[in-house]
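Q: Please take a close look at one kind of contact in this model, the pairing of charged side chains, and walk me through it step by step.

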Amino acid sequence: MSALPAAMAALSMLGRLRRFGGAGEGLHGRTKAFDTGSGAVKKLPGQLLASGVSMDHLDVLESRTIYILREAFNKIDKLAMLWSLGKDSNVMLWCAKKAFFGHVPFPLVNIDTGMKFPEMYEFRDRYIKEWNLDCLIAQCPPVEEMDPTLPPAARSAARKTAALKRVLREQGYTGVIAGIRRDEEGTRAKERVFSPRSEQNTWNFRDQPPEFWDQFNTDFPPGTHLRVHPILHWTEIDIWRYTKREAIPLVPLYFSRNGKRYRSLGDKNITFPVDSQASTLDEIISELMETKIAERTGRAMDHEAEDSFERLRADGYM
Amino acid sequence: MNDQSSRADVQTTLPLKIVIVGHVDHGKSTLIGRLFHDTGSLPDGKLEAIQAMSERRGMPFEWAFLMDALQAERDQGITIDVSHIHFRTNAREYVLIDAPGHREFVKNMITGAAQADAAVLVVDAREGMQEQTRRHAYLLHLLGIRQVVVAINKMDLVDYNEARFQQVSAEVRDYLAGLGIDLRHTLLIPVSARDGDNIVSLGKTMPWYDGETLAQSLDGLQPPVPSLDLPLRLPVQDVYKFDDRRIIAGRIESGHLRQGDILLFSPSNKRARIQSIEAWPTRGQVLACRAGQSIGVTLDEQIFVERGEIASLDTNPPMLTNVFRGRIFWLGHQPLMAGRRYKMKLCTAQYPVDVEKIEKVIDVNDLGTVAADRVERNAIAEVIFRTRAQIPLDPFDHNGITGRFVIVDEFDIVGGGLINMDGYADQRLSQRIKSTNIFRVEHRVPIEERWQQNGHRGGVLWMTGLSGSGKSTLAFSLEQYLFRKGYQVYVLDGDNVRHGLCSDLGFSPEDRVENIRRVGHAAILFARAGFLCITAFISPYRADRERVRALAPELFHEVFIDADLKTCEERDPKGLYAKARRGEIDDFTGISAPYEAPVNAEVRLDTSHQTVEASLAELSDYVMRQFAITAH
């Protein structure tokens, strides 16, 4: 195969550059990060030559999310988006409005456990009206109907899976868009953007299809459905920076009250706040740049047993 | 407070994506765990959680459990699927992509590596390079990853021996050099991932090594350069009509565009001007967009364009072709077979594609090539594909995105490939009509009257075949024979037209296409004048011959002069094969340029095995039958 001449030229030029990258200020003034001593990363001259406003990190994330949403809309006949009312979900919905020029051309599904915080219900009802959303509210079956071998919090969370399965069956959706991210949790880190689910909704993580070059697996046998993950490649701090830049509305529980705030929102019986003084978007972003506490620390179902979350997800949890 | 808000506003660059590859059990996951721990990137409690998981399985502390999130992975001690995990040094942020090293999971390794900007190749110092080390190195190169750091791991198990490090390093260097990789920028670092030696700090165990640590070498890698300088490529992803706007949506894969630019859509060849660039929420008018952006535009004319077309500027459009060569990696459970039909996806387009020929299969162990009629799972090969319609594409070395494709079999992606058009022409060249205001005029002599006067029908007898197959010999013999019988007959011969009509053309793929285009039109003019026109040209491309046929299908007769390459080379009447073999002639059909045999020729003559007289008799019989006034 012929080598990319331009890339090779750039590389040989960089080979020279890197020798000059002596000790310097890091790009982030983060005190806790380990200093490897090789200094700041040089910007390529090629990036400076181009005309127009350059794309920053958030633009790149947003553009890929829009691309994925447009692929899903083009390829999937019966498509819906799960709207959990959380920060990630709202970023995803915002990107959908960008992708489709102010419209949301598919219904939203809100899985209602009946155990959410009142602030979340207020938020939902307000934005359904304000944004003129087509939102289906799906009620969850009682916990007694869930697999009794699951640990208590996981068993409670399994109600959402059951409600989701019922909605899929009743509405005949062949694709659902979900706002999970790779950096949240280990099994999500292994997800595909277009992830197939069997008729029983199960995730066959042992044999996932290949997915590369933004060519997604969009063809599946009848009876199966697709989970589409348009913000899989974002991190928690990306979500906050983008929320700030775009001024996307949020449930107020994320901001500190009396020294505590929620980093991740779930059912009120199995979700706990973390210690935090961060009461503005800027303070949250600063806090996240320093913290070593995992995002889902306050989500009890992740921590009851080594594989409790894996079991939930294999069974069809988001 | 001020300090906090300014830090929150820090514009971050994209994290550099690094894939960690190598043979199973050479310590990839352990190396990542160590890198995380030693840069202080582990979340609180994770270390204890890994400790607990290890104890539960009666194992010493197992770093791999950081990435191997699945129960099955921990229980079997192997990574099954690719995982992504974020960390940062003071220099920048990274996403580490942990790719499985087991042979079973090459599809997952490619899934991970295809997104990476750079790679760390992990090699066990005891075992040296193994099959998957070589396969991964080859695939990295094939996927276009040009920055590779080599970590020679498990130095603790070879007593931190420098000689052993040099020995393994030499083995790796030799292999990479064999792939054509420029080794000046490839760092090789001795490490012990288990103990953290030379991962983020130089350990005391290898005083003979004073180069960069693994973390330092990562900080020296370069982010990808956006493809802004390349010609515009905007594959149409969808066309929306949610309100009164008709918006063409897509992602700019290379180049840039402005409001007012004229877009050329391929393959439909329609043109329209960009009226507006649409965006939500509206914050002032957008006037220009660039590579990487997902955009939407409206056009000044309501032309019909659909998903899959590629928009470009007029000056530098993608190639159009119905045949191309792909260097592919195959992931299907069933082998790729010559003659089979698959579905291919190139950007947003999807086409049926036939495997015309498997040129060679590459052995990743010794980089040798073999001929084969199938490509097995996880193998790499060069394959000629053919589509029914003309499709827009670019050679991979011109454009990394419009120059690659995936293959789908039923419901599954079963392979990916990079396009190489060496020896194949851009078929767009032959479609251009440069003059305008041209009208056809009707002749007042009907063609049937010409036939009556001549005593036979007119037409083209188009001979195609390798150099030395006998085209000219047969053409001139047939001309003489028919002329004596009273036919209006004339031969257009390759060598002759190149002295006049085509004297400005060489033998590059593009010139060959133009040569055949001119000869084709000339031959059809003869046929319309009532003549029987015999042509004797190699005419190696099927598409070119089909285009001549399309000018006047009722007049066109294709004659395949079928002699195998060996026979032609032995005859070598002009000494050309010998020259081509010595490398003195470029683009010589059969040696360094392709010959595409006809599929449905009206006549096929096996001139390897039958005499000139026998072939001549067969041909003249055909002419008597097909060119008689009473024929059809």
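A: Arg517(B) forms a salt bridge with Glu514(B), and in this predicted model the closest N and O atoms of the pair are 2.9 Å apart. Both residues belong to helix α12 of chain B, which covers residues 509–528, and because they are three residues apart there, about one helical turn separates them. Arg517(B) has a relative accessibility of 32%, so the residue counts as partly exposed. Behind such a pair stands a general idea: side chains of opposite charge can pair when their charged atoms come close.

Another salt bridge in chain B joins the side chains of Asp314(B) and Arg271(B), with an N to O distance of 3.0 Å. Here Asp314(B) sits in the loop between β14 (310–313) and β15 (319–330), while Arg271(B) is part of strand β11 (residues 270–278), so this bridge ties together parts of chain B that are 43 residues apart in sequence. Asp314(B) counts as partly exposed because its relative accessibility is 38%, and Arg271(B), at 42%, counts as partly exposed as well.

In chain A, the side chains of Asp59(A) and Arg245(A) meet in a salt bridge with an N to O distance of 2.9 Å. This pair links distant parts of the chain, since Asp59(A) lies in helix α3 (residues 57–75) and Arg245(A) in helix α7 (residues 236–246), 186 residues apart. Arg245(A) has a relative accessible area of 33% and is therefore partly exposed. Asp59(A) and Arg245(A) also take part in a network of salt bridges, in which they are linked with Asp56(A), Glu62(A), Lys98(A) and Glu246(A). Counted over all chains, the structure holds 57 salt bridges.

Leaving aside residues up to four places away in sequence, Ser467(B) touches Ile538(B), Cys568(B), Leu576(B), Tyr577(B) and Phe588(B).

Chain B has an average pLDDT of 88, and 93% of its residues score at least 70. Over residues 1–11 of chain B, however, the pLDDT is below 50, although this stretch has 17 contacts in the model beyond near neighbours in sequence. Where pLDDT is low, the predicted coordinates should not be read in detail.

Notes. Residues are numbered from 1 along each chain as its sequence is written. Chains are lettered from A and ligands numbered from 1 in the order in which they are written. This is a predicted model: local features need pLDDT of at least 70, side-chain atom pairs count only at pLDDT 80 or more; totals for chains, interfaces and linings use all residues. Side-chain values use heavy atoms; hydrogens and water are left out. Contact means heavy atoms within 4.5 Å. pLDDT is the predictor's confidence in each residue, from 0 to 100. A salt bridge is a side-chain nitrogen of Lys or Arg within 4 Å of a carboxyl oxygen of Asp or Glu. Helices (H or I, at least four residues) and strands (E, at least two) are DSSP runs, numbered from the N terminus. Buried means under 20% relative accessible area, exposed over 50%, partly exposed in between (1.4 Å probe, protein chains only).
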